[in-house]
Amino acid sequence: MESSAPGQNETKEKYILFYSERCGECKKFMKVLQEYPHINACFEKMDVETLARMGKLPPQLTHTPGIIEGNQLLMGPNAFKWLEKKSKELVGSGPAFTFK
């Protein structure tokens, strides 16, 4: 039986992250995401340059980083706000990421 660290809740949700290796905001997002392994493990990460070469880039994706949660696409600052909210939910009352 696995146990989570104190103050961290398990999540079984799955998300898609669209990122670019050349995007400074994506690098910042990925760095913060790595600080929350429970959230990070729920992501399928997709490089937009690879998707574009394959002709599979979603046309509604206009900014990176982009997150798909369910049927909702969140991009740019909204992706950071989503991560802030999710980190607070999982960490509880402890320190969490804050978007500025």
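# Questions around Ser20

Reader: Where is Ser20 found?
Author: The model is predicted: local features need pLDDT of at least 70, side-chain atom pairs count only at pLDDT 80 or more, and totals for chains, interfaces and linings use all residues. Residues are numbered from 1 along each chain as its sequence is written, and side-chain values use heavy atoms, with hydrogens and water left out. Helices (H or I, at least four residues) and strands (E, at least two) are DSSP runs, numbered from the N terminus. Ser20 is found in the loop between S1 and H1.

Reader: Is Ser20 buried or exposed?
Author: Buried means under 20% relative accessible area, exposed over 50%, and partly exposed in between (1.4 Å probe, protein chains only). The relative accessible area of Ser20 is 7%, so Ser20 is buried.

Reader: The backbone nitrogen of which residue lies 3.1 Å from a polar atom of the side chain of Ser20?
Author: Contact means heavy atoms within 4.5 Å. Leaving aside neighbours within four places in sequence, Ser20 is in contact with Cys26, Asp47, Val48, Glu49 and Thr64. The 3.1 Å distance from the side chain of Ser20 is to the backbone nitrogen of Arg22.

Reader: Which strands stand at the edges of the sheet?
Author: Two strands pair if DSSP finds at least two bridges between them. The open sheet has four strands in the order S2-S1-S3-S4, with mixed pairing. Each edge strand has a single partner strand, so one side of each is left without a neighbour in the sheet: these are S2 (43-47) and S4 (72-75).

Reader: In S2, which residue is the bridge partner of Tyr15?
Author: Strand S1 (residues 15-19) runs parallel to S2, and five bridges join them. The partner of Tyr15 in S2 is Phe43.

Reader: At about what angle to S1 does helix H1 run?
Author: Axes are lines fitted to C-alpha atoms, for helices over the stretch in contact, and angles run from 0 to 180 degrees between N-to-C directions. Helix H1 (residues 24-34) lies across S1, S2 and strand S3 (66-69), and its angle to S1 is about 145°.

Reader: How many disulfides are there?
Author: A disulfide is a pair of cysteine sulfur atoms within 2.5 Å. The closest cysteine sulfur to that of Cys26 is in Cys23, 3.1 Å away, which is too far for a bond. Cys26 itself is buried, at 2% relative accessibility. The count of disulfides is zero.

Methods. A polar contact is a pair of N or O atoms within 3.5 Å; within protein, one must be able to donate a hydrogen and the other to accept it, and residues adjacent in sequence count only if both atoms are side-chain atoms.
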